[in-house]
Amino acid sequence: MGLPDFIPKPPDTMTPPPVTLQSPLALPLNEVPSYMERLWDGEDVSRPEGASTFTLLVWQPAWLEQELGRTGGLRGPVTGIQRPELIEAARQAIQQLGLHHATAPFDPALVEALRREPGALQPDDLRGQLIDGRISELQPRRLISVNPLLDRTAPLESQVAAYCPMPEAGAVNTACGDVLVLRGGVPVIAAQLQRIDPLVTPGLPCWVWWNSAPEDSPEVFDRLALPPRRLIIDTSLGDARGGLTLLGQRIRSGQTIYDLNWYRLRSWRESLAMAFDPPSRRSALEQIERIDIDIQGHQFCQGLLLGAWIAAQLGWSLQHSRFDTEGAIHSQFRRPDGATPAMVVSPAPIGMPTPHSGTVVGLRLLTTAAEGPGLCVILCGEAAGCMRLEGGGATQRQLVEHVVPVLDGPLNAEVTRVLSGGHDSTNPLLRMAGCLAAEMLPAS
């Protein structure tokens with residue numbers, strides 16, 4: 001299948017549309033390195049130079065999108081982009097397949113259910129050929145898109161192309177890049193991974209965006225995500241234990257790692273900081289006796305990351321954690337003054353879940369006071385969500401409530417935030433919270 005006009009301008013960006021320098025070309029993978037070298041080493045002085053930015057290596061299985069396309073639940077090509085049409089098709093499939101109404105569109109349970117459904121449609125595959133304007137604006141030197149197919153025996157295909165953003169008015173030069181698209185069955189891709197290493201531009205940072213569950217295809221993950229490559233994961237996808245274990249291990253090893261699930265907590269962290277910004281409330285932070293965190297579903301990563309961030313900021317040490325009979329996680333901590341506050345992360349009933357499993361929907365902090373009533377701070381993702389947290393002793397305390405805007409926007413916007421930062425180390429707050437969150441998840 002030939003590539004279309006390369007990397008068209010998305011409708012929601014002001015970035016000038018990139019144009020193809022050379023027509024996309026299908027090549028055997030062993031011929032790709034020499035071909036890409038020739039793209040930028042010509043003697044023609046008018047030839048644009050390759051960008052000196054970074055390599056972005058993307059594992060992009062898009063299992064949900066492929067399954068919906070195969071079964072007819074989603075029309076159009078497979079793009080690998082988390083667009084509104086994909087989310088709506090997933091919600092319809094959840095209803096048609098009889099899954100629980102609180103199942104999130106990107107819950108792995110939906111993919112597993114779709115795999116059992118009949119269907120043999122083969123939509124066009126455009127993964128790697130459409131770059132979001134936010135990412136193309138950063139002018140990556142090289143994009144390598146690794147796209148496994150549902151058919152595990154599918155042979156390996158590779159296609160290459162070069163592109164340049166259109167120069168701004170008055171600009172003389174522009175930095176260009178190239179793209180390699182790999183497609184095939186997982187075992188076939190795994191057998192050829194050693195051929196990808198020479199394609200990672202030496203001397204430039206390399207980001208590995210693992211756009212799938214952290215435990216997906218470990219034979220590929222372990223090979224692609226090697227240090228010193230910088231790693232981008234999303235712990236909301238897949239198993240909570242696998243995601244948090246990986247996050248903790250890579251943080252302790254010193255590898256640069258970013259979790260998109262952590263970035264979605266930004267509005268919660270900011271809102272909580274604002275709630276305690278008045279000087280009259282700051283001393284209450286030292287007297288917190290209980291924290292309740294409500295999440296949608298049973299994917300605990302985001303709730304534990306938020307709780308771990310709070311505990312780490314306050315200097316608490318974890319004593320123990322356990323599951324209760326209803327599936328909530330109870331953690332006991334020790335404060336610097338010796339008191340033992342409790343933290344509970346609980347699945348909450350949700351009528352219309354956000355796309356990602358485990359999204360935080362409510363937070364309550366209860367404090368004591370030497371004189372007078374204590375403080376109750378309640379943050380919730382929507383106005384109706386506050387009602388669940390207003391019991392349990394809240395009425396006997398000074399009440400502070402805020403509605404928090406839930407960040408669940410375009411996935412590429414969060415990826416762009418990571419890539420544009422240029423950081424060569426893990427965010428310090430995530431480094432503290434990630435390791436503690438992994439410890440807070442009970443063994444059973």
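The secondary structure of the chain amounts to 15 helices and 15 strands, where helices (H or I, at least four residues) and strands (E, at least two) are DSSP runs numbered from the N terminus. The model is a predicted one, in which local features need pLDDT of at least 70 and side-chain atom pairs count only at pLDDT 80 or more, whereas totals for chains, interfaces and linings use all residues. Residues are numbered from 1 along each chain as its sequence is written, and side-chain values use heavy atoms, with hydrogens and water left out. Of the 444 residues of the chain, 52% count as buried, a class that means under 20% relative accessible area, with exposed meaning over 50% and partly exposed lying in between (1.4 Å probe, protein chains only). Among contacts in the chain with a separation of 6 or more, residues 24 or more positions apart account for 74%, contact being defined as heavy atoms within 4.5 Å.

Helix α2 is largely enclosed by the rest of the structure, because eight of its nine residues are buried. The buried residues of α2 are Trp63, Leu64, Glu65, Gln66, Glu67, Leu68, Gly69 and Arg70, and what covers them includes α3, α4 (108-115), β3 and α6 (186-191). Helix α2 is followed by Gly72, whose phi is positive, near 85°. Gly73 is placed in the loop between α2 (63-71) and α3 (84-96) and, at 36% relative accessibility, counts as partly exposed. When residues up to four places away in sequence are not counted, Gly73 touches Leu68 and Ala89; the C-alpha atoms of Gly73 and Ala93 are 7.1 Å apart in space, although the two residues are 20 residues apart in sequence.

The packing of two helices was examined for α8 and α12. Helix α8 (residues 240-253) and helix α12 (residues 301-313) pack at an angle of about 40°, and their axes are 10 Å apart; the axes are lines fitted to C-alpha atoms, for helices over the stretch in contact, and angles run from 0 to 180 degrees between N-to-C directions. The two helices, α8 and α12, are therefore oblique to each other, given that angles under 35 degrees count as roughly parallel, over 145 as roughly antiparallel, 65 to 115 as roughly perpendicular and the rest as oblique. In this pair, Ala240, Leu244 and Leu247 of α8 meet Cys301, Leu304 and Leu305 of α12. By class, the contact of α8 with α12 has six nonpolar, no polar and no charged residues, with Ala, Val, Leu, Ile, Met, Phe, Trp, Tyr, Cys and Pro counted as nonpolar, Asp, Glu, Lys and Arg as charged, and the others, Gly among them, as polar.

In helix α15, the buried residues include Leu430, Ala433, Gly434, Cys435, Leu436, Ala437 and Met440. The N-terminal end of α15 is capped by Asn427, a side-chain oxygen of which lies 2.8 Å from the backbone nitrogen of Leu429.

Pro227 and Pro228 are joined by a cis peptide bond with omega of about 10°, and Pro228 is placed in the loop between α7 (218-224) and β7 (230-233). Ser217, found in the loop between β6 (206-210) and α7, has a positive phi of about 50° although it is not a glycine, and at 10% relative accessibility Ser217 counts as buried. Gln139, in the loop between α5 (133-136) and β3 (142-148), likewise has a positive phi, near 55°, but at 24% relative accessibility Gln139 counts as partly exposed.

How values were computed. Polar contact = N/O pair within 3.5 Å; in protein donor to acceptor, adjacent residues only side chain to side chain.
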